[in-house]
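I opened the notebook to look up two residues and the chain around them. The entries follow.

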Amino acid sequence: MRPTRTEGSVKFELQSGSALIKLITQRLRGVRMKRKQRLGYVFCVATIAVAGCSGGGQTTTGGGGGGGNPQPASLVVTLTSKPDVSLTNISVLSATVSITGITLNPASGNAVPLTLSPTTYPVDLTRLQADTALLGVLSLPAGSYSSATVTFSAPTLTLDNQSGGTLNGTCLTATICKIVLPAGSSQVTAAPFPLTLTAGQSSGISLNLNLNDAVTVTSGTVALNFSAADTFNVASLPRTGAPSGAFDLIEDFVGLVTAETSTSITVVGSNGISLQIALPSTVVIEDPQGLCTALNATCLVANQTVVSVDATVNKSGALTLVSADLLDVSPRDELEGTLINTATPGQFNLVVANKVVATTANSTLTAANPGDIFLVTLANPTFAVDLDEFFNNASLPPANVTTLFAGVGDLVDGQDVMVHVTAATGTAATGDQAATADRVLLRFTRTTGTLQTVSGQTFTLSNFPPFMSFASNPLVDTISGATNFDGVADVNSLAVGQTVSIRALLLNRSSFNFYAGKVRIQP
């Protein structure tokens with residue numbers, strides 16, 4: 001191809017051998033662009049083999065970006081929470097809410113929405129004080145984003161009211177009750193906003209909903225103001241302590257294995273959230289109850305195995321299994337949640353966090369939701385401890401723990417337990433939900449306090465929620481090779497005065513009140 005140029009036109013001579021195929025001359029008119037931009041030329045060369053012409057310009061939809069770069073950026077979004085520990089004689093036992101929308105707001109252009117699955121994404125903020133929820137992954141134009149907007153459905157708070165007065169006109173003192181508050185939204189502007197995203201690169205942020213600032217009690221009225229200052233803190237991912245190569249870590253997600261292949265499993269929680277999790281070459285099975293002797297991937301049977309899974313989140317938002325803790329090898333009726341003793345031995349209130357429903361004809365269990373309050377009566381119960389990540393850990397022999405949770409006298413306010421339900425009656429609407437149970441499995445409590453002392457692998461905390469009482473500041477033990485740290489590298493990096501959330505086994509007859517599987521420093 002040999003170009004020749006004349007004034008106002010471009011001429012191309014195309015030759016193949018000695019034959020002249022075609023000569024095309026196209027005159028292009030100069031267009032004066034705004035702001036003294038250069039003249040642009042557009043041309044289309046047609047050949048016998050190709051008909052038509054495609055334009056050279058490309059556009060992207062959504063906000064941010066600018067510059068017309070077609071390659072998007074990627075943003076992983078996770079969620080944690082900071083609980084309210086400042087209410088006088090009022091304990092928040094459960095704070096459930098559904099996220100109905102998240103958008104990233106560019107400095108200029110259109111907001112970019114995150115697709116949630118399910119579209120109203122349910123979370124229990126009291127569990128997220130030590131856990132993490134994966135909200136999703138955004139593909140969005142590169143550029144600067146000034147804020148995020150998060151919208152919520154009406155939140156439900158389950159409270160232990162020991163304030164001496166009635167709350168919100170219905171919650172009597174010395175009772176455990178549920179309060180439904182108005183829906184709302186929050187504008188997230190905390191650092192690292194404004195957030196600059198680069199084309200073709202993956203980034204991650206973790207939103208931390210600060211209930212300590214959002215929840216207020218004024219003249220007997222509990223309110224939740226999502227628009228309050230500092231409602232959200234934001235951390236760039238990965239945080240200090242994250243597994244190598246991972247953006248974040250999802251822990252203790254309880255559900256039924258609904259699909260399994262040689263490379264992945266799908267686990268569905270009772271709240272409808274479904275996680276597809278890739279399997280590593282070696283699958284770690286934790287089985288403190290002795291349910292599956294193989295201790296490999298064959299223990300994960302579709303529509304049979306109930307598990308608690310830990311999984312890493314990579315920069316694309318994909319999950320990879322860290323471990324699967326076997327809870328049941330076939331579904332049976334179970335309720336899990338926070339225990340609060342009554343005056344009657346062998347009877348306690350349970351604030352629901354998770355459930356497994358095998359007997360679908362039981363309308364009480366089928367209708368139960370997180371935050372519901374069940375009066376549980378034990379009938380010839382057995383007791384066991386779910387060691388989870390402490391399984392086969394030489395630093396914490398099972399006998400050190402299992403013998404300390406063996407009867408009704410070992411039930412303590414604040415423990416997280418899973419009970420096998422043999423009968424259930426009542427409804428949340430009438431406030432008479434009740435269950436009979438014949439097994440109690442100790443699982444991991446989530447709670448938050450203020451760090452008082454650090455010594456070796458242990459530390460003490462104070463300022464617990466009012467419903468959890470200790471004769472002295474409780475001692476927390478961390479286990480080498482098992483305890484995960486979030487926001488801090490290890491126990492030796494903790495500092496007195498920090499607000500610390502833990503997920504831990506709570507025992508009342510041990511030299512350590514808590515054996516921590518997770519330690520998170522709150523912002």
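The model is predicted, so local features need pLDDT of at least 70, side-chain atom pairs count only at pLDDT 80 or more, and totals for chains, interfaces and linings use all residues. Numbering runs from 1 along each chain as its sequence is written, and side-chain values use heavy atoms, with hydrogens and water left out.

**Ser-147**

I looked up the side chain of Ser-147 and found a polar contact of 3.0 Å with the side chain of Gln-187. Ser-147 lies in strand 9, residues 143-152. Strands (E, at least two residues) and helices (H or I, at least four) are DSSP runs, numbered from the N terminus. Is Ser-147 buried or exposed? Ser-147 counts as buried because its relative accessibility is 4%; buried means under 20% relative accessible area, exposed over 50%, partly exposed in between (1.4 Å probe, protein chains only). I then listed contacts (heavy atoms within 4.5 Å). Beyond four places in sequence, Ser-147 touches residues including Thr-103, Asn-105 and Phe-193.

**Val-307**

I moved to strand 22, residues 306-313, which holds Val-307. Val-307 has 0% relative accessibility, so Val-307 counts as buried. Its C-alpha atom is 8.1 Å from that of Val-267, 40 residues away along the chain. Val-267 is also among the contacts of Val-307, as are Phe-253 and Leu-327.

**Whole chain**

I counted three helices and 34 strands. Of 523 residues, 49% count as buried.

Methods
A polar contact is a pair of N or O atoms within 3.5 Å; within protein, one must be able to donate a hydrogen and the other to accept it, and residues adjacent in sequence count only if both atoms are side-chain atoms.
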